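This briefing is meant to be read alongside the sequence and the coordinates. Please keep both open while going through the points.

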Amino acid sequence: MRAWASSATVGPNCTVVWRRTSDLSETYLIALGSNRRHGEHGAPREVVRAAMEELSALGTVTKRSPVIESAPIGPAQRRFANAAAELESDLPPPNLLRELKRQERSFGRRRGQAWGDRVLDLDIVLWSGRAWQEGGLTIPHPHFRDRGFVLGPASAISPTWRDPCTGMTLRHLQARLTRPRGNRRDAPWLDP
């Protein structure tokens, strides 16, 4: 048994203390995306499904969301296929990230323009250890709260998982992101 504790400042309002006291599995929420065909797996939707299967090499995939389609962001030109998976793994966050990057490369992902078209994108969104910031890895993922293509699939499989920075559940974050704008409580003239 190993025991360690640390803290991470993940943002201006998010310093989280986390502890690890045993060798039990960690649980991760992984976001998957693709908007380019793959020679073996085919269309992006099938690439995402194949990648979900490959995640099992890193632990046990306990939950899988449906694959959804989303509009491109940034310079990407094609629509994306997106999904989320819950993964139980004995790997600590940096080792899991290294393995996810290896899987992206095995599917043909090459370094290139940020936000561009890609065969496969795998991101650690949340972790049962709460928060991590070290060596280019930040958990929770810094942009997940603003991305419907992450929150939709994630809240479909883990609606009660809480963001350690805001304390809000994925279901609540999804509702905030997708609620219609301009309703009365958002009207500036109603502020006291």
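Predicted model: local features only at pLDDT ≥ 70, side-chain atom pairs only at ≥ 80, totals over all residues.

Residues are numbered from 1 along each chain as its sequence is written, and side-chain values use heavy atoms, with hydrogens and water left out.

**Salt bridges**

- Searching the whole structure gives eight salt bridges, where the term stands for a side-chain nitrogen of Lys or Arg within 4 Å of a carboxyl oxygen of Asp or Glu.
- One of them joins the side chains of R102 and E99, with an N to O distance of 2.9 Å; both residues lie in helix α2 (residues 93–106), three residues apart, about one turn of the helix. Helices (H or I, at least four residues) and strands (E, at least two) are DSSP runs, numbered from the N terminus.
- R102 is partly exposed at a relative accessible area of 37%, and E99 is also partly exposed, at 25%; here buried means under 20% relative accessible area, exposed means over 50%, and partly exposed lies in between (1.4 Å probe, protein chains only).
- A salt bridge also links the side chains of K101 and E104, at 3.4 Å from N to O, and these two residues of helix α2 are three residues apart, about one helical turn. K101 is partly exposed, with a relative accessible area of 27%, whereas E104 is buried at 4%.
- In the salt bridge between D163 and R145, the closest N and O atoms are 2.4 Å apart. This pair links distant parts of the chain, 18 residues apart, with D163 in the loop between α3 (148–157) and α4 (170–178) and R145 in the loop between β9 (137–139) and α3. D163 is buried at 1% relative accessibility, while R145 counts as partly exposed at 21%.

**Nonpolar cores**

- The largest nonpolar core has 27 residues, and those with the most contacts inside it are I30, L32, L55, L96, L100 and I124; such a core is a set of buried Ala, Val, Leu, Ile, Met, Phe, Trp, Tyr and Cys residues joined through side-chain atoms within 4.5 Å.
- Two or more residues of this core come from each of β3 (26–34), α1 (44–54), β6 (80–89), α2, β7 (121–127) and β9, and α1 gives the largest share, five residues.
- A second, separate core of 14 residues includes L29, A84, A154 and L173.
- Leaving aside residues up to four places away in sequence, L32 touches several residues, among them V48, M52, L55, N82 and D121, where contact means heavy atoms within 4.5 Å.

**Helix α3**

- The buried residues in α3 include V150, L151, P153, A154, S155 and I157.
- Among the elements covering the buried residues of α3 are β3, β4 (60–64), β5 (68–70), β6, β7 and α4.

**Aromatic pairing**

- The search of the whole structure finds one aromatic pair, and W127 and W132 form it in an edge-to-face arrangement, with 5.7 Å centre to centre and 80° between the planes.
- Rings of Phe, Tyr and Trp (its six-membered ring) pair if their centres lie within 6.5 Å, and planes under 30 degrees apart count as stacked, over 60 as edge-to-face and the rest as tilted.
- W127 is buried, with a relative accessible area of 3%, and W132 is buried as well, at 9% relative accessibility.
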